[in-house]
Amino acid sequence: MARRSKDVNRALILDSAMELIAKNGYNKVSMDEIAARSGITKRTLYKYFPSKYALLLHIFEHYLKAIYDMSTLRASRMLPAEQFVQEMLRELFHFSTKNFTFMKLFWMLDSSEAEGDAFPALKEHIRLWNSNILQVSAGALRRAGMTGWFANFTPEEVVEMTSALNKGMMIQLNKDRQLNLNSVKSERFVHLFMGLLELAARADVPKPKRLAALLAEGDEDSAGKA
């Protein structure tokens with residue numbers, strides 16, 4: 001039987017760790033379980049990562065760097081503001097669909113699962129990555145010029161709302177067991193978000209609450225029709 005390369009082993013370790021932690025929580029997963037799922041010995045696992053925290057940190061470094069690189073490349077294209085937002089939505093949607101296990105792990109940081117001595121340092125590390133990603137995209141929007149109804153938002157608000165809506169959409173779609181995430185068309189997501197963003201910009205609601213208020217109204221309407 002041919003021996004697996006180090007790159008293949010590393011990829012299997014990352015995938016196994018993400019799946020186990022996303023399903024059971026960081027504190028309930030052991031290095032023994034990760035090694036078993038990866039098809040390697042615990043001793044071999046420790047050659048790659050000296051601790052479970054080091055493994056978790058590497059996972060976030062790997063994927064957040066990918067998002068940062070994607071954002072930097074998009075910013076370098078000097079797109080008009082509306083086109084930039086549409087591209088940002090498409091790219092984030094495709095990234096989240098392709099790497100949904102990581103995104104679940106990322107969103108888990110806001111839950112009770114993310115407790116313990118390791119998480120304050122990890123969250124601070126991730127906060128720095130998020131800040132850099134936000135600055136890249138917001139800076140590109142600022143250079144492009146926020147005109148028309150876009151001017152009712154700051155670039156930072158647009159980027160943050162894009163991320164929030166993507167999270168909500170992905171979580172909701174994942175709840176539908178009969179729906180394959182890969183079958184959802186990104187253009188529907190882009191069209192929905194741009195429509196919500198414009199409605200929020202024009203709504204007579206204090207700015208920080210605009211989008212949240214509209215979504216809440218939508219929930220109330222749906223409940224009334226049920």
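Tutor: Arg127 and Glu124 both belong to helix α7 (residues 119–144), where they stand 3 residues apart, about one turn of the helix. The model that contains them is a predicted one. Arg127 and Glu124 form a salt bridge, and their closest N and O atoms are 2.8 Å apart. With a relative accessible area of 44%, Arg127 is partly exposed. Glu124 is likewise classed as partly exposed, at 38%.

A search of the whole structure gives 9 salt bridges, and another of them lies within helix α4 (residues 52–75), where Asp69 and Lys65 are 4 residues apart, about one turn of the helix. Their side chains meet at 2.8 Å, N to O. Asp69 counts as partly exposed because its relative accessibility is 35%, and Lys65 is also partly exposed, with a relative accessible area of 42%.

A further salt bridge joins the side chains of Glu87 and Arg77, at 3.6 Å from N to O. This pair links distant parts of the chain: Glu87 sits in helix α5 (residues 81–98), Arg77 in the loop between α4 and α5, and the two are 10 residues apart. Glu87 has a relative accessibility of 17% and therefore counts as buried, the limit for that class being under 20%. In general, side chains of opposite charge can pair when their charged atoms come close.

The helices named so far also take part in the largest pocket. This pocket holds about 630 Å³ of space. It is lined by 27 residues, and those closest to its centre are Phe106, Trp107, Asn130, Ile133 and Ser163. Helices α4, α5, α6 (100–107), α7 and α8 (155–175) each supply at least two residues of the lining. The largest share comes from α7, with 8 residues; this is the helix that also carries the Arg127 and Glu124 pair. By residue class, the lining of the largest pocket divides into 14 nonpolar, 7 polar and 6 charged residues.

Methods
Residues are numbered from 1 along each chain as its sequence is written. This is a predicted model: local features need pLDDT of at least 70, side-chain atom pairs count only at pLDDT 80 or more; totals for chains, interfaces and linings use all residues. Side-chain values use heavy atoms; hydrogens and water are left out. A salt bridge is a side-chain nitrogen of Lys or Arg within 4 Å of a carboxyl oxygen of Asp or Glu. Buried means under 20% relative accessible area, exposed over 50%, partly exposed in between (1.4 Å probe, protein chains only). On a 1 Å grid over the protein atoms alone, a cavity is a set of points where a 1.4 Å probe fits but cannot get out, and a pocket is an open set with protein on both sides within 12 Å along at least five of seven lines; lining residues have an atom within 4 Å of a point. Grid points are joined across faces, edges and corners, and a volume is the space filled by probe spheres set on the points. Ala, Val, Leu, Ile, Met, Phe, Trp, Tyr, Cys and Pro count as nonpolar, Asp, Glu, Lys and Arg as charged, and the others, Gly among them, as polar.
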